[in-house]
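Here's a quick briefing to read with the model open beside you.

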Amino acid sequence: MTVPLSRVVLPTHARQSFGDGVRLPVFMESGTFAVDPDPWGGPWRSWDEAEPGEAEPRGLYAPVPVLLDGTPGEIAIAPGDIRGTRLIPERLGDSCCGLDGADGSNSACEACGSLVATRFDSC
């Protein structure tokens with residue numbers, strides 16, 4: 001479902017935050033991919049919803065705006081490298097600046113309709 005890709009180390013900018021304090025997605029060079037060992041993406045929960053001791057293993061010791069509950073080990077690619085998928089309008093989220101990925105997978109295989117990816121390009 002992609003063009004040929006070469007594995008690279010997760011970029012150092014992968015965990016930057018901007019504006020509202022939410023971590024930005026990983027921006028990859030075209031033709032590359034990286035594996036993110038940390039949880040990323042929806043569902044999102046507030047700090048108050050975390051169980052005692054849940055945040056520390058993630059390196060969080062003070063309240064943050066949201067906890068990301070996505071699956072660790074997700075693969076990050078450049079959006080233009082994916083092929084044979086379509087966006088699912090009802091799962092695009094309600095971000096003012098782009099796709100927010102808050103509802104999880106929002107891209108499906110064109111051929112079979114299976115959920116295959118989450119596109120995130122909001123600020």
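Predicted model: local features only at pLDDT ≥ 70, side-chain atom pairs only at ≥ 80, totals over all residues.

Two strands count as paired when DSSP finds at least two bridges between them, and strands themselves are DSSP runs of at least two residues, numbered from the N terminus.

**The big picture**
- The protein chain is built from eight strands and zero helices, so its pattern along the sequence reads β-β-β-β-β-β-β-β.
- Of the 123 residues in the protein chain, 29% are buried.
- The protein chain exposes about 7500 Å², and carbon and sulfur atoms supply 55% of that.
- Among contacts with a separation of 6 or more, 53% link residues 24 or more positions apart.

- Strands of a sheet pair through backbone hydrogen bonds, either parallel or antiparallel.
- This open sheet of three strands runs in the order E1-E2-E5, and its pairing is mixed.
- Its edge strands are E1 (6–7) and E5 (74–77), each pairing on one side only.
- E1 and E2 run parallel and are joined by two bridges, with Arg7 opposite Phe33 in E2.
- E2 and E5 are antiparallel, paired over four bridges.

- Thr32 belongs to strand E2 (residues 32–36).
- Thr32 has a relative accessible area of 14%, so with the cut-off for buried at under 20% Thr32 counts as buried.
- The Thr32 side chain reaches the backbone oxygen of Glu29 at 2.7 Å.
- Leaving aside residues up to four places away in sequence, Thr32 touches Leu5, Ser6, Val8, Ala76, Ile77, Ala78 and Asp81.

- Pro39 is in the loop between E2 and strand E3 (44–45).
- Pro39 is buried too, at 19% relative accessibility.
- Pro39 and Gly70 are 31 residues apart along the chain, yet their C-alpha atoms are separated by 4.9 Å.

**The nonpolar core**
- In soluble globular proteins, nonpolar side chains tend to be buried together.
- Here the largest nonpolar core has seven residues: Leu10, Ala14, Val26, Met28, Ala34, Ala76 and Ala78.
- One of those core residues is Ala76, which touches Val26, Met28, Thr32, Phe33 and Ala34 when residues up to four places away in sequence are set aside.

**The cysteines**
- How many disulfides does the structure hold? The count is zero.
- Cys109 is in no disulfide, and the nearest cysteine sulfur, that of Cys112, is 3.8 Å away.

Conventions
Residues numbered from 1 in each chain as written. Heavy atoms only, no water. Disulfide = S-S within 2.5 Å. Core = buried A, V, L, I, M, F, W, Y, C linked by side-chain atoms within 4.5 Å. Buried < 20%, exposed > 50% of the residue type's maximum accessible area, 1.4 Å probe, protein only. Contact = heavy atoms within 4.5 Å. Areas by Shrake-Rupley, 256 points an atom, 1.4 Å probe, with all protein chains shown as cover. Polar contact = N/O pair within 3.5 Å; in protein donor to acceptor, adjacent residues only side chain to side chain.
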